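Subject: The model we talked about

Hi there,

Here is the structure for you to open next to your sequence. Please have a look at it first, and then read my notes below.

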Amino acid sequence: MKHILLIFLMIPVLISCQRSPEWKASADNYPIQAVPFTQVKMTGAFWKSPIETNRLVSIPYAFQQSEITGRIGNFALAGGLIQAEHKGDFPFDDTDVYKIIEGASYSLAVDYDADLDRYVDNLIYLIGQAQEDDGYLYTCRTNQCIRLERWMGKQRWERLNSHELYNCGHLYEAAVAHYMATGKRSLLDIAIKNADLIHTVFGPDSNQKHCPSGHPIVEMALVKLYRVTGEQKYVDLAKYFLDETGVGTDGHPMSQYSQDHKPIKQQDEAVGHAVRFGYLYSGVTDVAAITGDQEYMLAAERVWNNVVSRKLYITGGIGARGMGEGFGENYELPNMTAYCETCASIANVYWNHRMFLMTGDSKYIDVLEKTLYNALLSGVSISGNRFFYDNLLEDNGSCERQPWFGCACCPGNVTRFMASVSGYQYAVDNDRVFVNLLAGSNATIPFHGKELKIEQETTYPWDGRVTLTLEVPSPASLDLCIRIPGWAGNEAVPSDLYAFTDTVESSVDIQVNGKVADYRLDKGYAVLHRRWTKGDRVDIDLPMPVRRTRSNDAVINNRNKVALQRGPLIYCLEGVDQPGSALFSSFLPDTAKITSSFREDLLGGIVVLETEGMSLPTTTTNDCQMTMNDHQITTNNNQITTNIHLTAIPYACWNNRGKSPMVVWIPVNAQTAVPEPVPTIASKAVATASTDWAPGLNDQFEPVNSRDTDKYFFYWWLKKGTTEWVQYDFDRPYTVSEVRVYWLLFDHYDYVCRPPAEWKILYQKGSEWLPVINRDPYGREVDEYAKVSFDPVTTKALRLEAQLQKDHSAGILEWKVY
């Protein structure tokens, strides 16, 4: 590690690198056991490269950022090792360090690095010094950071959303990972001391606190502690937090945001914060596996069906709304304003993997694979040091990966996930070996006290041909269960939310030692039962035609549009690949032929899709403006279109070449495409607001109605009853005499946007803001533009000032100036 925090030089003792004696872990308790990532080494380029990048770039970079931003220094401050002020704006910054330690531990287990090992040891020393005598560990409180009391309250455990238990959960996960990777108990002992504290604080007794965890993850983390220590009390505590969900025993406020709106066993819809949801139901499934609680599993199945049939993005992402970082209504799946937090995709993989381990049903791995190859992978750049927090399905060219975030939950989560991704490839039970993911790898699989070795050779997902070579110490009878992905047949997802536009005959070919294999299908798996001997070879051929996918018609934003899929990969159009073409004015007729080819020179080597599409001309409000050429076509409604060449890349690869427009859902006709508008006074202006950022005000996308949030929109976040403003600064003085405002209608739990109580337009004259002399009343119409004309003024800036209603905020979909 190049970036060693200077305070490490102050550590007065050396951290022992001695490994602890063997400590027997309890059984996993799932009917099916995942083969640990330490037993599977990725050899294929598709996964080997990002795993190496994670080890060599992402993990060191994340540690460096944690030093620069004071996250690591906060532990030293809490431990009395330095004198400083607590850094950071969030009480959960500690978890970023824990998550990176977890990722580093996984990396150490596969590719040992002495420098990284020492660095982590020193970090653990700081964490131990920061822990209070009774086991409490929450640096912002120990450091008496008064400015964070709005989050954490004045006393321990005072607020449900303080993230105290969330911090504990990530501590336990890191501790278990570090112990299992290195055999050292240094971090594990810290975690156990903390877990024993919360076991005394929370519980059913009258002298204990009665509430759920607030931000779930501690539940699944406590289960991990149980599996390492065998201490039943940790499972009991995890179940207690789950049982308290939606009960409101101590009168704490219950909310969908905190996943506390209803008892788990009564839940049937995915609502609220998407990351909390995924972590919660991962914990629910864990506890159900251990306790045999069927009502928990029934609840998990109900909400899973709701997600997959109503709330899952084609990329496998979850969470439609930026407000609350969570789910919207059924079929509410906007594209440009999609949230799809990277952490939510990771949580979705965790949960679906657990559902598979409980049931052996491949539909859960189908969703896992969709999420993994699309929504999750898009969260980190190919370089490993740029990240997406939210993962849009459409962008106008304003979005860009970031080097870090103030709320940096996603980068740390990526480091721990990528380091352990090979743990999702295989699983076993008493007489079956499951091949869940296809990827070049060498696996050593414990099976009936022996070691079964499987070498997987493939360039998947670029090609569907896979060869498995088995090495068994002696001939053995077992079922080799090879997942046949839903996409290899006619199932885009395990529901009617998405469907392929064509039907193909399933032509999956499986051979054993060169002969057509005899197999049966069971829950989506081709089950090959035979007596296997050393050197047996299984060849699989999954055809990968390009498929057009349509949404259920209830997803209004995707009507008359298609998404392109090849194998498990969802594709997108990125502006940088369509030079001279306006992306949103392009469309792809149903009859257009699509070809695929491998481009070694592009984005590290990818398969691209190419086709001939069409594009609408640039337009003003009423007129078309376009230079004619030899490739024009006139549509049935007299719109002039132009033939264009379209190139699509895997969605996960977009935005690795700088800012550029992007779309996943492509219009199929001219009526659905959006003509490229000419620049206007408003569109060329710089938009600002009293709340700083002002997206969507002047992007020139026409709203369908006041609830049309598919494109970027503006709102005064968390403001009610106050006077607020938005402002346009023009590139030069203009004479203007009219504005048109499209007011937003939005309902997000108790956060409501309605037109303001009153509003007015001001213009800048010198250093003053003066009201215009309006000729029309300032309207509050919805589902149409509120138009106000006024005496002409010449100015370089206009300001819209709004008095918000007492109990409501307000927002604007589009603001035009004439």
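What follows is a short tour of what I found, part by part.

This is a predicted model, in which local features need pLDDT of at least 70 and side-chain atom pairs count only at pLDDT 80 or more, while totals for chains, interfaces and linings use all residues. Residues are numbered from 1 along each chain as its sequence is written, and side-chain values use heavy atoms, with hydrogens and water left out.

**Helix α12**

Let me begin with a helix. Helices (H or I, at least four residues) and strands (E, at least two) are DSSP runs, numbered from the N terminus. Helix α12 covers residues 294–311, 18 residues in total, and spans 24 Å from its first C-alpha to its last, close to the 26 Å expected at 1.5 Å a residue; that expected span is 1.5 Å times one less than the number of residues. At its start, a side-chain oxygen of D293 comes to within 3.1 Å of the backbone nitrogen of E295.

Buried here means under 20% relative accessible area, exposed means over 50%, and partly exposed is in between (1.4 Å probe, protein chains only). Among the buried residues of α12 are Y296, M297, W304 and V308. The buried residues of this helix pack against α10 (232–244), α11 (274–291), α13 (342–359) and α14 (362–376).

A299 also sits in α12, and it counts as buried because its relative accessibility is 0%. Leaving aside neighbours within four places in sequence, A299 is in contact (heavy atoms within 4.5 Å) with I264, K265, Q267 and Y281. A299 and Q266 are 33 residues apart in sequence, yet 7.0 Å apart in space, C-alpha to C-alpha.

**R71**

R71 lies in helix α2 (residues 71–78) and is buried, with a relative accessible area of 4%. What does its side chain reach? One partner is the side chain of T69, through a polar contact of 2.8 Å, and another is the backbone oxygen of G406, at 2.8 Å. A polar contact is a pair of N or O atoms within 3.5 Å; within protein, one must be able to donate a hydrogen and the other to accept it, and residues adjacent in sequence count only if both atoms are side-chain atoms.

**Strands**

Two strands pair if DSSP finds at least two bridges between them. An open sheet is formed by 7 strands in the order β2-β6-β7-β8-β15-β11-β12, with antiparallel pairing. β2 (40–42) and β12 (515–516) are at the edges, each with a single partner strand, so one side of each has no neighbour in the sheet. β2 is joined to β6 (residues 441–447) by 3 bridges, and M42 has S441 as its bridge partner.

Elsewhere, β10 (residues 498–500) pairs with β16 (residues 546–551) in the antiparallel sense over 3 bridges, with F500 opposite T549. β16 is also joined to β17 (residues 561–566), by 4 antiparallel bridges.

**Cores and rings**

A nonpolar core is a set of buried Ala, Val, Leu, Ile, Met, Phe, Trp, Tyr and Cys residues joined through side-chain atoms within 4.5 Å. The largest has 226 residues, and those with the most contacts inside it are Y172, L468, L480 and V538. Another core, of 33 residues, lies apart from it and includes L697 and W743.

Rings of Phe, Tyr and Trp (its six-membered ring) pair if their centres lie within 6.5 Å; planes under 30 degrees apart count as stacked, over 60 as edge-to-face and the rest as tilted. The count comes to 48 aromatic pairs.

Most residues other than glycine have a negative phi, and most peptide bonds are trans. The bond from Y460 to P461 is cis, with omega near 10°; P461 is in the loop between β7 (450–458) and β8 (465–471). Y331, in the loop between α12 and α13, has a positive phi of about 70° although it is not a glycine.

Happy browsing!
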